[in-house]
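Hi,

Here's the structure I promised to pass on.

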Amino acid sequence: MKAQIAFLPGDGVGPEVLAEARRVLESIGRRFNHTFDIVEGDIGGVAIDRYDSPLPPPTIELVKQSNAVLLGAVGNKKYDSLPAAKKPERGLLDLRTLLGNYANLRPVYVFDPLANSSTVRPEVVRGVDIMFVRELLGGIYFGTPRGREGDRAFDTEVYTVEEVRRVSRVAFELARSRRKLVTSVDKANVLESSILWRQTVAEVAKDYPDVKLENLYVDNCAMQLILRPKQFDVVVTSNLFGDILSDEGGVLAGSLGMLPSGSIGGPAGFYEPVHGSAPDIAGTGKANPIGAIGSVAMMLEHSFKLPDLAARVQRAIAAAIDQGLRTADIFSPGHTLVTTKQMGDAVCKIIETSDATKNAV
Ligand code: IPM
Ligand code: MN
């Protein structure tokens, strides 16, 4: 297979974690004869510095020509005082809109040896395997009117039936290949948009009689995630609630640095770790590249329809953890503290030396 990938490292730890993700993709390509043409572009703060825009025209051109997009992180304190429309984060939001990927998949998977790395008790998190499906192109992130009038500021949470329908379908389809449970999360006891959300998900559920639907209010869901996270299979929710709940998922997995994501629905998939630019640790080698590497696995699965290779990357990550390698965020005594690059090296080495037969590591 031959594919072009827009490679957008962005700000803070973005370039460091993406360098490791890139090496993993290249290892897979070399080993299994796929040509991944990786073309770099600027986004976020680095793009503001170079082009005075967080999503400059050359990057727009690049992503339009690419089969998939891999992004590191955006955000830089330097730009905190800029208006929202000029901030690095705007580049990411505009890119999501441009690509049209309305379903953001955020798997929260607890690797067994990391059950002790969470602040939540090991017996509670061991075995957690949740797929968050976050609506990505609507809700309060994009709703109008929004603005500020003197002492008053406002945003609008808005959803249409079609927006809810399409993301719900993704959730039900995913549930079919998993444990056949969809939990829809809303605030239908208070919000009109949530009432519409709940009704629409219920309509879609009729097409999936083999999948069970449960509804939870978001406040209860936030509590249940810490109390009894193993009850969840697929969780579908709005843009804002998905943003918040998936960070909570990071606590279950041991660190936000563990979480990958993939956004689908548009012509080219978009892959990025869930964590942000973490400027406080940028350049120190402390960043965990597993979220970024896991995002490569999601790209192989969802954009390139290479599930065997995706599983291989996933198994290589698991093997590196089994070897006791830990970046600072997931470190605990008795393990080997490694840098971003050393973790990437280990995953690449496992891929390169693995048995080429189907289910080997
Ligand atoms: C995320 C991030 C972004 C979001 C920010 C950087 C705009 O927090 O991907 O979860 O809120 O979607
Ligand atoms: Mn977030």
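A quick definition before anything else: contact means heavy atoms within 4.5 Å. By that rule, and leaving out residues up to four places away in sequence, Glu 20 touches Pro 289, Ile 293, Thr 340, Lys 341, Gly 344 and Asp 345.

Some housekeeping: this is a predicted model, where local features need pLDDT of at least 70 and side-chain atom pairs count only at pLDDT 80 or more, while totals for chains, interfaces and linings use all residues. Residues are numbered from 1 along each chain as its sequence is written, chains are lettered from A and ligands numbered from 1 in the order written, and side-chain values use heavy atoms, without hydrogens and water.

Back to Glu 20, which lies in helix H1, residues 14-32 (helices are DSSP runs of H or I, at least four residues, and strands are runs of E, at least two, numbered from the N terminus). Glu 20 counts as buried because its relative accessibility is 5% (buried means under 20% relative accessible area, exposed over 50%, partly exposed in between, with a 1.4 Å probe and protein chains only).

As for the whole chain, there are 12 helices and 14 strands. Buried residues make up 55% of its 361 residues. Of the contacts with a separation of 6 or more, 75% are between residues 24 or more positions apart. Along its principal axes, the C-alpha trace spans about 55 × 50 × 40 Å.

Cheers
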